[in-house]
Amino acid sequence: LPAAACVGESMAVLLPGRPGPLEDVPSFRPASGGAEANVARGLAALGVPAAWIGRVGDDGFGRRVVRDLAAGGVDVRGVSVDPRRPTGLYVKEAGPGGSVLHYYRDGSAGSAIGPSVLDDPDAGPLLNAAGLVHLSGITAALSDSALELTRALLLRPRRPGRLVSFDLNWRPALWRRRDPSVLRPLLNAADIVLLGADEAADVLGTGDPGELRALLPGPATLVVKDDAHSATALTRDAAVTAPALDVEVVEPVGAGDAFAAGYLAGTLRGYGPRRCLRLGHLAAAATLVVPGDHGPPPPPALVDELLHASPG
Ligand code: KDG
């Protein structure tokens, strides 16, 4: 049974063959993505048994997404196939100011997820067994039922020892018709919150770690990633900051998910916050240097060696 269950929408991805406006791009490379599924992949790559819980359409993109996740070692027994709705898709456009994600996911199979998944004969037991459930703010934006599921997983009493982590993953394009003020109580109900200072400033009015801690007293741990590429973990009694690795960035999308996977894998291994941050940064580095959502995971022996070079 999985140690971690990541719940959300996974999508097919089209990566442009070269930078520039989509109308001029001659070819695209297929891949798969979706923030929570990326975290499941990152966890599996670090040796944590992880499931992805979500929905795909009965179509080639859906089969690709599930196949890619399974090939990455993710438990996909809790995936449901929707015969009526298509698998969501996003297309990456690479420009001088960075990448833009174009979503084709309105009415997708994944966005129709809801609280019924808790009683699903396949997904329910996986969710129940997991010591860590990982969610993100993306799911809260997808549909009323997806918001309801996010609320159920965060706000209902949980069994002792169960952790829920929540990555803010602010995607303004998904919130045009929805009110993002629903996010704050969700963040505050999680045990571990991961968020970037810039997105926190957009959603909560501040990116300052101390002010965020005051706004969100609920979570045992708040991890704030800042623009200077370092991350601070604020626990109940301490604040620890660790710098990211200095790498040649090819494309940053997905690096936040890899970072979350590293931080959470460290937590499940019982590491202290400094080592969790280091593992997060190491995992993120592998994704920063590739155009897709996930890079090849660093070899476990190397990860251990690098981690043990740092205290905490
Ligand atoms: O974090 C990477 C994700 O942004 C990407 O995979 C697409 O899940 C996605 C989203 O909703 O933006």
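Trainee: Okay, what volume does the largest cavity have?
Mentor: The largest cavity comes to about 110 Å³, a volume being the space filled by probe spheres set on grid points joined across faces, edges and corners. This is a predicted model, where local features need pLDDT of at least 70, side-chain atom pairs need 80 or more, and totals for chains, interfaces and linings use all residues. Residues are numbered from 1 along each chain as its sequence is written, and side-chain values use heavy atoms, without hydrogens or water.

Trainee: Which residues lie nearest the centre of the largest cavity?
Mentor: Gly-34, Ala-35, Leu-101, Ile-138 and Arg-171, out of 16 lining residues. The elements giving two or more residues to that lining are α1 and β8 (DSSP runs numbered from the N terminus, with at least four residues of H or I for a helix and at least two of E for a strand). α1 gives the most, with 3 residues.

Trainee: Where does the ligand sit?
Mentor: In the largest cavity, meaning that more than half of its atoms lie within 2 Å of the cavity's grid points.

Trainee: Which residues come nearest to the ligand?
Mentor: There are 15 residues around the ligand, and Gly-34, Tyr-103, Arg-105, Asp-257 and Asp-293 come nearest (a heavy atom within 4 Å is the cut-off). α1 (35–45) and β8 (98–104) each supply at least two residues of that shell.

Trainee: How far is the side chain of Asp-257 from an oxygen atom of the ligand?
Mentor: An N or O atom in the Asp-257 side chain is 2.7 Å from a ligand oxygen (polar contacts to the ligand are N or O pairs within 3.5 Å). A backbone N or O atom of Ala-35 lies 2.9 Å from a ligand oxygen, and a polar side-chain atom of Asn-38 lies 3.5 Å from one. The protein covers 97% of the 310 Å² of accessible area that the ligand has on its own (Shrake-Rupley, 1.4 Å probe).

Trainee: Switching to pockets: how much space lies in the largest pocket?
Mentor: About 1300 Å³. It is lined by 39 residues, and Asp-198, Pro-252, Val-253, Ala-255 and Gly-256 are the closest to its centre. β8 supplies the largest share of that lining, 5 residues, while α7 (197–204) and α9 (255–268) are among the other elements that each supply at least two. By class, the lining has 18 nonpolar, 10 polar and 11 charged residues.

Trainee: What about the volume of the second largest pocket?
Mentor: That one is about 410 Å³. Of its 27 lining residues, Arg-41, Thr-287, His-294, Gly-295 and Pro-296 lie nearest its centre. The largest share of the lining, 4 residues, comes from α1.

Methods
A polar contact is a pair of N or O atoms within 3.5 Å; within protein, one must be able to donate a hydrogen and the other to accept it, and residues adjacent in sequence count only if both atoms are side-chain atoms. On a 1 Å grid over the protein atoms alone, a cavity is a set of points where a 1.4 Å probe fits but cannot get out, and a pocket is an open set with protein on both sides within 12 Å along at least five of seven lines; lining residues have an atom within 4 Å of a point. Ala, Val, Leu, Ile, Met, Phe, Trp, Tyr, Cys and Pro count as nonpolar, Asp, Glu, Lys and Arg as charged, and the others, Gly among them, as polar.
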